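Okay, thanks everyone for coming. Let me put the structure up, and then I'll walk you through a few spots on it.

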Amino acid sequence: MRQNHKNRHVKAVLLLGFSLALFGGCNLERFRHEKYSCNSQHLGIHDIIVRHAKKGSTAKIIGSRGEQEATITSVNSKLMVIEGAKIRLQIDRRTGRITAQKKNKYYSMECKLSVFTL
């Protein structure tokens, strides 16, 4: 009888460990909102807002001339590329540093990154 109780305890501990390892490796993040606050004098960009960081999704660029939408053309955990309205933005998603190309000129901006997840 004692051996049976011990086996149940071992099975329960193994099941708990397996479950923790399984769920620990999962990304349970359902919603991610990224905001890059730049206040760029040269480009007139104040904020870049990304709600769904997936290729083909849209990002909102808020600037001195109002709001405009741009398309995310490439994205991974480190880098995101947004294109639209005659501008191409390459964003370092870890640091907030943005390299912008407008016509044949290149700009570099340090932006403050804030991330909200749910």
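Let's start with the largest pocket, which has a volume of about 320 Å³. By pocket I mean, on a 1 Å grid over the protein atoms alone, an open set of points where a 1.4 Å probe fits, with protein on both sides within 12 Å along at least five of seven lines. The grid points are joined across faces, edges and corners, and the volume is the space filled by probe spheres set on them.

Quick word on the model. It is a predicted one, so local features need pLDDT of at least 70 and side-chain atom pairs count only at pLDDT 80 or more, while totals for chains, interfaces and linings use all residues. Residues are numbered from 1 along each chain as its sequence is written, and side-chain values use heavy atoms, with hydrogens and water left out.

Back to that pocket: what lines it? There are 15 lining residues, and Leu43, Gly44, Arg65, Gln68 and Lys102 lie nearest the centre; lining here means having an atom within 4 Å of a point. Strand S3 (58-63) and strand S4 (66-75) are the elements that give two or more residues each, and S4 has the largest share, with 3. By type, the lining splits into 5 nonpolar, 6 polar and 4 charged. For that count, Ala, Val, Leu, Ile, Met, Phe, Trp, Tyr, Cys and Pro are nonpolar, Asp, Glu, Lys and Arg are charged, and the others, Gly among them, are polar.

While we're on S4, look at Ser74, which sits in that strand. Ser74 is partly exposed, with a relative accessible area of 35%; buried means under 20%, exposed over 50%, and partly exposed is in between, using a 1.4 Å probe and protein chains only. Not counting residues up to four places away in sequence, Ser74 touches Leu79, Met80 and Val81, where contact means heavy atoms within 4.5 Å.

Zooming out, the protein has 1 helix and 9 strands, in the order α-β-β-β-β-β-β-β-β-β along the sequence. These are DSSP runs numbered from the N terminus: helices are H or I with at least four residues, strands are E with at least two. Of the 118 residues, 27% count as buried.

Now, how many disulfides does a search of the whole structure find? It finds 1, counting a pair of cysteine sulfur atoms within 2.5 Å. The partners are Cys38 and Cys111, with their sulfur atoms 2.1 Å apart. Cys38 lies in the loop between strand S1 (32-37) and strand S2 (45-50), and Cys111 in the loop between strand S8 (105-110) and strand S9 (112-117), so the pair ties together parts that are 73 residues apart in sequence. The torsion about the S-S bond is about 110 degrees, so this disulfide is right-handed.

Are these two cysteines buried or exposed? Cys38 counts as buried at 11% relative accessibility, and Cys111 counts as buried too, at 6%. Leaving aside neighbours within four places in sequence, Cys111 is in contact with Tyr36, Ser37, Cys38, Thr95, Gly96 and Ile98. That's my tour, so I'm happy to go back to any of it.
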